[in-house]
Amino acid sequence: MHRFFIENEDQILDQEIVVQHVETLKHMVRVLRITVGESCELIGEKKTYIGKVKVIEPENVVFEIQETRQHENESPIDITLFQGIPKGQKMELIIQKNVELGCE
């Protein structure tokens, strides 16, 4: 199943999602060659939508929403990180990697 991110140009209606972002449309239609009836996963800011392609047009692709899920990305475990002060430029790398892992 293909996975796409919902952009600002896209519209989320009651039972449909209308994808209008130019780059996403190009990737869907020209690169992946999706067809009507194909299932895809559309990821929004707070929810993940699973739907089937309903209409393919030059300006947009319409998905019929079949299922909606809340994001479950965050770990329920709270971790406290204690870091000693290293020599040289290593601290910047340590901070970078910890931010990438989700430390605040």
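What follows is a chat about a predicted model of one protein chain.

Me: How many helices and strands are in the chain?

Reply: The chain has 2 helices and 6 strands. This is a predicted model, so read every value as computed from it.

Me: And in what order do the elements run from the N terminus?

Reply: They go β-β-β-α-β-β-β-α.

Me: OK, overall shape. Is the chain a compact globule or more spread out?

Reply: More spread out, because the radius of gyration is 20 Å, well over the 13 Å that the globule rule gives for 104 residues. Along the principal axes, the C-alpha trace spans about 60 × 30 × 20 Å.

Me: What share of the residues is buried?

Reply: Buried residues make up 26% of the 104 in the chain. The accessible surface comes to about 8300 Å², and carbon and sulfur atoms account for 50% of that.

Me: What about contacts, how much comes from residues 24 or more positions apart?

Reply: Such pairs account for 45% of the contacts with a separation of 6 or more.

Me: Switching to charge. How many positive and negative side chains are there?

Reply: There are 12 positive and 19 negative ones, and the centres of the two sets lie 7 Å apart.

Me: Let's go to helix α1. Thr24 lies in there. Is Thr24 buried or exposed?

Reply: Buried, because its relative accessible area is 11%, and the cut-off for buried is under 20%.

Me: Which residues does Thr24 touch, leaving out those up to four places away in sequence?

Reply: Thr24 touches Phe4, Glu7 and Val19.

Me: Moving past that helix, where does Arg33 lie?

Reply: Arg33 is in the loop between α1 (22-31) and β4 (39-43). Its backbone deserves a look: phi is positive, about 55°, although Arg33 is not a glycine.

Me: Is Arg33 buried or exposed?

Reply: Exposed, as its relative accessible area is 63% and the cut-off for exposed is over 50%.

Me: Now α2. How far apart are its end C-alpha atoms, and what span should its residues give?

Reply: The end C-alpha atoms of α2 (residues 90-101) are 17 Å apart. At 1.5 Å a residue, its 12 residues should span 16 Å, so the two values agree.

Me: Which residue takes a positive phi just after α2?

Reply: That's Gly102, with a phi of about 105°.

Technical notes: Residues are numbered from 1 along each chain as its sequence is written. This is a predicted model: local features need pLDDT of at least 70, side-chain atom pairs count only at pLDDT 80 or more; totals for chains, interfaces and linings use all residues. Side-chain values use heavy atoms; hydrogens and water are left out. Helices (H or I, at least four residues) and strands (E, at least two) are DSSP runs, numbered from the N terminus. The radius of gyration is taken over C-alpha atoms; the globule rule is 2.2 Å times the number of residues to the power 0.38. Buried means under 20% relative accessible area, exposed over 50%, partly exposed in between (1.4 Å probe, protein chains only). Contact means heavy atoms within 4.5 Å. Accessible areas come from the Shrake-Rupley method with a 1.4 Å probe; for residues, only the protein chains shown count as cover. Lys and Arg count as positive and Asp and Glu as negative; His and the chain ends are not counted. The place of a charge is taken as NZ of Lys, CZ of Arg, CG of Asp or CD of Glu. The expected span of a helix is 1.5 Å times one less than its number of residues.
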